Every structure is written in C-alpha cells, then in structure tokens.
Amino acid sequence: ASFTISLRKVDNTTVTIKLRPGLSPSCRIRMKNIIWSELKIKPGENVTFTFTCSTPEKYFITEIQKNIDCVSGPCPFGDVHLYPPGLPRLNRTYIWDVKASTKAGLELKFSTSWLRQIEPGEACPDSISYNISSCIDKATVNIGTFCRNGSVSRVKLLGGVLMSLHLPWHSSLTTSGFNIANRASIKRLCIIESVLKEESSITLMSPNYPLGFPEDELMTWQFVIPPSMRASVFFHNYSLSNCERKEERVEYYIPGSPSNPEVFKLSDSQPANIAGSFNMSLQGCDQDAQNPGVLRLLFQVVVQHPQVDENVTHLVDLSKETNMTVTIHLEGWPNHIPLMSEPICLICKDPRTCDRVLTLTSGAVYRISFLCKDLSQLRITAEKGIGCMDIRWCQGKIYSLSVPKAITQLPIRLHKFIWKLLATDLINIEIMSPSLKLQQHVREQRCNTSYSYSIVSATPETQLNVGVFCPGGSIEKIQMRNNITISLKTFGKGFINESVPQDLKMSFVPHIKDECIFTVSPKPKAKVYLQTPNWPLSLPPYVSVSWFIVVPSKQTARLGFSRDRMGVACETGRAYVNIKEEILGAEEIVRREDELLPQPRNMHHNFWVNVSNCKPVDKTQLTLQFWVTFAEKQIDLGIILAVVAGAGVLTVIGLTVFCVKKKKKKTQNPMVGVYNANVNTQMPGRKGLFRKGRQNNESHVYAVIDDAVVYGHLLKESNGSVAPEVDVYRPFDGPIGSLPPSPPPFSFRKDIKRSSNTEEEPPPLMDTDQDTYTFAHQKSGQSEDNGDANKKDEGNISNKKDEGNTSVPLLENQEQDGLME
C-alpha cells in the first residue's frame with residue numbers, strides 16, 4: 001500500500017520515519033523509484049511513499065514533532081490533536097515542544113482517564129505512555145513518565161514544556177488525552193495535582209528520579225481528597241544531597257492544622273490519618289559544588305475510610321522492661337511487603353504518626369491505635385537481650401523467658417519472640433523447663449503445640465542449630481557455651497491460652513566442657529527420640545555433645561540407635577560414641593566411626609551418651625538419632641530359682657547340723673584334738689584380723705576342729721550367711737559427680753604417622769585425677785579389642801606428665817541448634 005502525508009506549513013510539524021535502532025535494513029522506503037532507509041517530511045511538504053516489505057512495523061518507527069510558540073504569539077489553548085492523519089501503522093511518538101516564558105507557567109490538563117506515574121524502566125500495561133519535561137532556559141528537567149488511568153489530573157510547569165506521547169503500532173487512539181489549559185505564574189518548578197475519590201494508593205516521585213532533584217528548587221503536590229476520607233503519606237526511598245546553605249525539607253499545608261506549614265525532615269515519620277485535601281512540598285538546598293550528592297524521593301499516599309476503632313487506644317507498658325523492642329508489622333514483613341495498591345493496616349502511636357511498621361522500645365509507655373479493617377493481618381515480633389559479663393554478678397540468678405503481658409494482651413497475634421543471651425567465653429548458659437520440660441521436634445515425634453522454641457548457639461568458630469523444641473517432653477535442661485538465641489514462634493491462635501503456664505527459664509553457669517549437654521528426665525513408660533544438633537546437617541568438626549539420661553529407680557531404660565553406623569568418614573581425628581552408666585565399675589561402651597553402633601541394650605542406672613565428631617571428609621556427615629524407652633524393672637527368673645535353690649540347700653544343711661549335734665549329745669564323744677608342732681598357740685591380738693597378705697601368717701590353721709566346720713564348704717557353695725573372713729570388694733557408696741564422661745581428646749584422635757609411614761591408632765586413654773566423673777578408660781599397657789591393634793608409640797605428645805602416665809586433656813567443644821519453620 002502507498003501512503004500520502006501532507007503537512008501544512010502553519011502547523012509547524014515534522015514527520016520522521018526511520019529504522020528501529022539496531023536492526024539491519026531488510027525493509028526500505030520507496031519514493032519515486034528511489035529507495036530510502038529514512039524519510040523526513042518537513043512542514044509544507046506533500047509526500048507519497050511505499051514500503052518494500054509487508055510488515056514495516058517490525059522495522060520502522062515514526063516521530064511526529066510539533067513546535068508551539070507561546071512566547072511571541074498567542075498560545076493555542078484547548079485540546080491538543082494527533083496530527084497529521086493517515087500515518088502508516090508504526091510505533092509512533094508524538095512530541096509537543098511548547099516554548100513559554102518563565103514568568104508565566106503552563107498548565108496541562110488531562111482528560112478523565114488521568115495519569116499514573118511509573119518508575120523509570122517500568123512499562124505501561126497498554127504500552128501507551130506520556131513523558132513530561134520542563135524546559136527552563138536551556139535546562140530540561142524530567143518531571144516523570146506516566147501511564148493512563150491514574151489520579152494525576154493536572155500538571156503546572158514553570159517555563160516551557162516538552163510533552164511526548166508514545167503509541168504502539170496497533171493502537172487505535174485518536175486523541176492526545178490532554179489540553180493546554182492556561183498560563184499562570186507558579187514561582188516553583190512544578191505543581192502536580194492528584195485527585196483520589198475512593199480508597200486507593202498512589203506512588204509519586206520527585207523530578208529527575210532517580211537522578212537528583214534540581215538544586216535549590218521547590219515543587220508541590222496537591223492532593224484532592226473527599227472530606228470523609230483519610231490520607232497517609234509514607235516515604236519508601238529517598239536520599240539527601242550535601243547542602244552548603246539551607247536545609248532539605250518537606251512542608252505540609254493541612255487545612256485546620258494549628259501550624260501551617262508543618263515542616264518535616266525526609267527521615268521523619270510523615271503525617272498520617274489526614275482528613276481531607278492537603279498540599280506537600282519538597283524543598284532543595286544549595287549544594288556543595290565539589291560533592292553535590294543526590295536529592296531524590298519516592299513516596300506513597302494511601303487513602304482509606306476512617307476506621308471504626310481509630311479512636312480506640314491500647315496501652316503498651318514497657319516501662320519496667322530492659323533491652324527489649326516490640327515491632328508491630330504486617331504479616332510477611334520484612335521479606336514480603338504488600339503491593340502499594342493493596343489496602344493496608346496502619347499502626348499509630350499518636351493520631352498523626354502512623355505507619356505499616358511501628359517499633360516500640362523498652363522503658364516507656366505507649367498508647368497505640370490501629371487503622372485497619374482486619375487486625376488478623378498484623379503480627380508482633382519482639383526481641384529481648386540478657387547478658388552476663390561477670391559470673392560473680394550473674395550466678396544464682398534465674399531469668400524467666402516468658403512473653404510479657406504487655407504483648408499478650410494486644411489484639412494481635414504474636415509471631416516471634418527472640419531472646420538473645422550473651423555471655424563471655426568462660427560463662428555458659430543453662431536453659432531449664434522444670435515443670436513442662438521440652439520435647440525435641442523430630443520426624444518420629446513431631447511437636448503439635450501452638451508454639452515452639454528454636455535454639456541456636458554461636459561460638460566464635462561455629463554456629464550450632466541445637467534444634468526445635470516444644471513444651472511437654474522429657475528434656476529438663478540444656479547447657480550450652482557462649483551466646484545463645486532462643487526464638488519462640490507461634491502457630492495458629494491458641495498461643496494465648498496454651499502459653500499461660502510458660503516455665504522456660506535460664507541462668508548463667510560456669511564453663512562446661514562440651515558444646516551442649518542435655519539432661520533428659522523422661523516419664524515412666526515413655527519413649528524419647530533425641531538427635532544431634534545441626535540436624536539434618538552434620539555436627540560441626542571437633543564438636544562434642546552429651547546427653548545425661550535419668551533412669552528412675554524402679555525403671556529400666558532401653559537404649560537404641562536408629563542406624564547401624566555413624567555415617568561419617570574422618571579426614572583428621574576420630575569420631576566416637578561413648579555410653580556409660582553413672583555407677584562405679586560400670587562397663588564403658590566406645591564405638592568409632594568405622595565400627596558398628598551398639599545394639600539396643602538395657603540400662604539400669606542413670607547413664608551418659610556422648611557423641612564427638614572428627615574433621616569429616618567432604619560430603620560425609622555425622623548425624624545421629626537414638627531413642628530411649630522405659631519400662632518397669634522385672635525380676636530375673638534365674639535369680640528367683642537360684643534363691644529358691646539356695647534356700648533349699650540351707651534347709652538341708654541346717655537339718656544335717658541339727659542331727660549331728662543331737663547324735664553328739666547321745667554319744668558324748670570328746671573333742672578330737674590334732675597336734676601340730678608348728679602352730680602358734682597364743683591368742684591372736686587385734687592384728688590377727690584377716691587382711692591382705694593372710695597367706696603369710698598361720699592364723700588359718702585350726703588347733704581344734706568343731707564338727708560344724710566339717711560342713712563349711714557346703715555353706716560357702718550355697719552363699720550362706722556364714723561369710724569367710726577374707727577381704728572383698730565393696731562398691732563406693734559416696735556421691736558421684738554429674739559431669740559427662742570425657743570424650744577422647746583431639747590430640748589422641750588424629751592419626752599420627754611414624755617414620756615408616758604406617759598409620760597408628762590412638763593410645764588408650766588414662767583416667768584423670770581431676771575429673772569428678774570420667775569414663776573408666778583402660779590403663780596403660782592393657783589392650784582393648786576395638787577393631788584395630790593398639791600401637792606402642794604415638795610420637796611426641798605435649799600432654800605427657802612423665803613416661804609412664806599420660807594426662808588426657810578434656811575436650812573443648814562448640815554448639816549448634818536447629819530451626820523449624
């Protein structure tokens with residue numbers, strides 16, 4: 001098809017058809033048998049042309065520029081038309097360059113669709129966009145880019161105007177959508193009028209955004225709002241320039257305000273809950289010539305109906321709290337911020353200071369109100385710090401980790417309460433739950449309460465996700481090293497009722513050896529699942545964790561592991577699982593990472609489970625889970641039969657002795673004497689008591705033999721009441737310490753190579769004098785079959801006290817913790 005464009009000279013319009021940037025000239029313009037890649041039609045020209053392809057819209061764009069002079073001649077007020085007609089269907093950009101005096105600004109008025117400002121780089125849904133710039137002398141200031149269907153109804157500009165309209169090739173729009181209303185002196189860069197008739201939210205930006213607002217300029221936004229509505233202003237993104245003189249500020253003119261204009265810094269909370277229309281102005285300053293900086297602003301205005309409960313205040317008394325902050329926010333904050341166009345909830349600490357997020361600090365009393373239709377959108381996140389720098393001032397104090405009533409009484413759901421417990425290197429933290437106790441959240445035993453605790457322990461070297469716990473379990477206390485973060489997280493609306501008997505407490509205690517020690521005191525017939533911290537990730541390298549399991553006197557515990565092996569391969573050192581009952585002489589069970597874990601076994605006394613990690617090979621992890629069940633103790637049938645048999649033997653012996661004595665009385669035989677010349681016939685003194693070394697004296701040689709002694713071997717074999725006077729081992733009845741068994745130290749876990757390049761196993765461990773309670777490691781020189789032959793020499797070990805006795809250093813540990821979402 002051919003196209004004819006005729007331009008009148010009086011219209012002062014130029015049409016340019018040119019290739020899209022970056023495209024090869026696969027399509028051309030043919031005019032009078034001449035091929036062109038670009039066509040420019042000037043005022044007064046009449047041109048007919050065709051395209052050499054059937055889809056020119058893929059290759060060409062059209063620019064139509066009209067120059068309007070409002071300085072030397074009359075200004076053409078009224079609607080601005082799209083001229084000329086009959087243009088080919090290409091992407092079109094109409095440009096109106098209006099020259100005007102700086103003493104008489106121009107007003108652009110938009111049709112009923114009005115405009116909506118967008119950020120640079122953002123596209124309009126219908127691909128139709130406007131760009132407005134102000135021309136002062138030779139300087140051009142970009143007022144902004146706008147789409148159709150918004151709230152901006154008018155724009156007044158100082159000096160000339162450069163207005164452009166971009167239309168896609170398929171658009172059927174036939175009107176420009178604006179007119180030049182009049183000329184008026186405004187004495188500022190521009191005035192943007194925005195009309196909001198119903199509940200809505202709009203976003204506006206300062207001129208040249210995100211580049212700098214012109215130096216020492218002033219501009220104003222006028223917001224037309226029905227008297228029955230309320231408006232609130234929120235600054236979302238701003239920056240300040242470097243001022244030499246004056247100060248950058250925001251001024252509000254609010255009808256009825258006792259102090260107009262109200263002046264705010266850009267960093268202040270802006271006015272909220274404004275009744276009716278108001279103006280807002282942005283004032284720049286004289287900038288530093290060497291380092292001007294950038295003044296820019298992006299803000300939001302929210303208009304909504306007055307809330308029924310806007311005058312209802314809630315008292316939040318934090319005057320007796322210390323180191324605590326309370327934040328009231330929308331659900332999903334800060335990761336998810338609702339769209340600016342969505343209805344929002346506002347939290348107000350006074351009638352004019354409202355925001356989506358409100359933070360309250362301890363030591364003060366607040367009266368807050370809510371401008372919100374649905375309070376279920378709001379959440380509370382609180383944080384409290386408890387620290388100890390000197391154990392002399394902290395030891396013995398018990399701190400309650402419960403949510404204050406000032407928070408629970410608000411009509412808002414608590415999302416999370418975080419306690420940050422801070423201590424120095426030599427001070428550790430003990431968390432207790434005396435009455436409710438804690439249950440570890442594991443796959444086999446999930447928490448189903450309305451809240452849970454996530455515990456994270458952080459040392460300078462590592463962070464330990466100890467786990468997720470809820471009330472109603474068997475864990476009585478947890479001891480950890482260094483700084484701890486405990487996060488209470490709620491689920492559903494039942495927290496207020498279920499949390500009334502909160503009994504989580506903490507105290508500061510002296511240094512402990514392991515990274516983490518759990519004290520587990522289960523209920524009778526319970527089954528408890530426990531797993532290593534950092535689950536499902538690995539226990540950190542060289543970290544040791546212990547569990548102390550309390551076994552009631554009339555109960556028997558059965559201990560079992562969920563897997564056969566630890567599942568870790570060591571690059572340096574060894575990983576161990578140590579199990580031992582808390583009774584002297586109890587058997588110690590030790591397994592390395594290359595050995596099978598113990599089979600399920602019964603434990604009759606309180607016992608320890610210790611897990612110590614090595615430095616794992618890449619992609620191997622030490623994750624262990626074990627379970628403990630409890631049942632009533634049962635008397636062994638074999639013991640019962642043995643007791644019955646022993647009683648029978650004693651009865652027989654008694655009858656036999658009785659019969660022999662009766663026979664003696666009848667026969668009245670004299671005692672039998674046996675002469676032995678080597679016998680010392682003196683009565684033994686106090687030193688004659690049977691002691692070790694008895695084989696060296698002669699006190700065991702009988703001078704006279706009683707008839708009853710003839711049957712002494714029967715008494716001995718039947719465990720009778722007549723005990724021989726010999727030394728026997730008696731168990732220690734004194735107190736036993738509560739420290740966990742010492743895990744193998746690092747210096748003995750590392751594989752040390754001899755000069756022959758043969759690997760040697762760590763030497764056996766020695767009991768230490770200083771430990772209140774340790775595993776009974778084998779003595780030097782004894783061998784233990786643990787899968788490998790013991791080696792003789794480990795090289796130079798810095799912990800040796802002498803050649804015959806090696807002192808084993810206690811294992812230093814770190815911590816971890818887990819988080820349930």
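# A guided tour, starting from the largest cavity

The largest cavity in this predicted model has a volume of about 80 Å³. Select Gln117, Pro120, Gly144, Thr145 and Tyr209 to find it: of the 13 lining residues, these are the closest to its centre. A cavity here is a set of points, on a 1 Å grid over the protein atoms alone, where a 1.4 Å probe fits but cannot get out, and lining residues have an atom within 4 Å of a point. Grid points are joined across faces, edges and corners, and the volume is the space filled by probe spheres set on the points. With a threshold of 30 Å³ or more, the count is 7 cavities.

Before moving on, some housekeeping. Residues are numbered from 1 along each chain as its sequence is written, and side-chain values use heavy atoms, with hydrogens and water left out. Because the model is predicted, local features need pLDDT of at least 70 and side-chain atom pairs count only at pLDDT 80 or more, while totals for chains, interfaces and linings use all residues.

Stop 1: Colour β11 (115-118) and β13 (139-148), which each supply at least two lining residues. Strands are DSSP runs of E with at least two residues, helices are runs of H or I with at least four, and both are numbered from the N terminus. Which strand gives the largest share of the lining? That is β13, with 4 residues. By class, the lining holds 6 nonpolar, 6 polar and 1 charged residues.

**Stop 2: the cores.** Now select Ile486, Phe518 and Trp547, the residues with the most contacts inside the largest nonpolar core, which has 83 residues. Such a core is a set of buried Ala, Val, Leu, Ile, Met, Phe, Trp, Tyr and Cys residues joined through side-chain atoms within 4.5 Å. Buried means under 20% relative accessible area, exposed over 50%, and partly exposed in between (1.4 Å probe, protein chains only). Another core, of 82 residues, lies apart from this one, and includes Leu82, Phe146, Leu158 and Phe178.

**Stop 3: Leu318.** Go to the loop between β28 (314-317) and β29 (324-330), where Leu318 lies. Is Leu318 buried or exposed? Leu318 counts as buried because its relative accessibility is 0%. Leaving aside neighbours within four places in sequence, its contacts (heavy atoms within 4.5 Å) include Met324, Leu360, Tyr366 and Ala406.

**Stop 4: an open sheet.** Show the 4 strands in the order β18-β27-β20-β24, an open sheet with antiparallel pairing. The edges are β18 (200-205) and β24 (274-275); each has a single partner strand, so one side of each is left without a neighbour in the sheet. Two strands pair if DSSP finds at least two bridges between them. Strand β20 (residues 230-241) is joined to β27 (residues 293-304) by 10 bridges, and Ala231 has Val303 as its bridge partner in β27.

**Stop 5: β49.** Finish at β49 (residues 576-581), where 6 of 6 residues are buried. Tyr576, Asn578 and Lys580 cover one side and Val577, Ile579 and Glu581 the other, all of them buried. β49 pairs with β50 (residues 588-592) in the antiparallel sense over 5 bridges, and Tyr576 stands opposite Arg592. The two strands form a hairpin with 6 residues between them, and Gly585 in the turn has a positive phi of about 85 degrees. Another 6 bridges join β49 to the antiparallel strand β52 (residues 607-612), where Phe607 is the bridge partner of Glu581.

Note on methods:
1 Å grid on protein atoms, 1.4 Å probe; cavity = no way out; pocket = protein on both sides within 12 Å on 5 of 7 lines; lining within 4 Å. Nonpolar A, V, L, I, M, F, W, Y, C, P; charged D, E, K, R; others polar.
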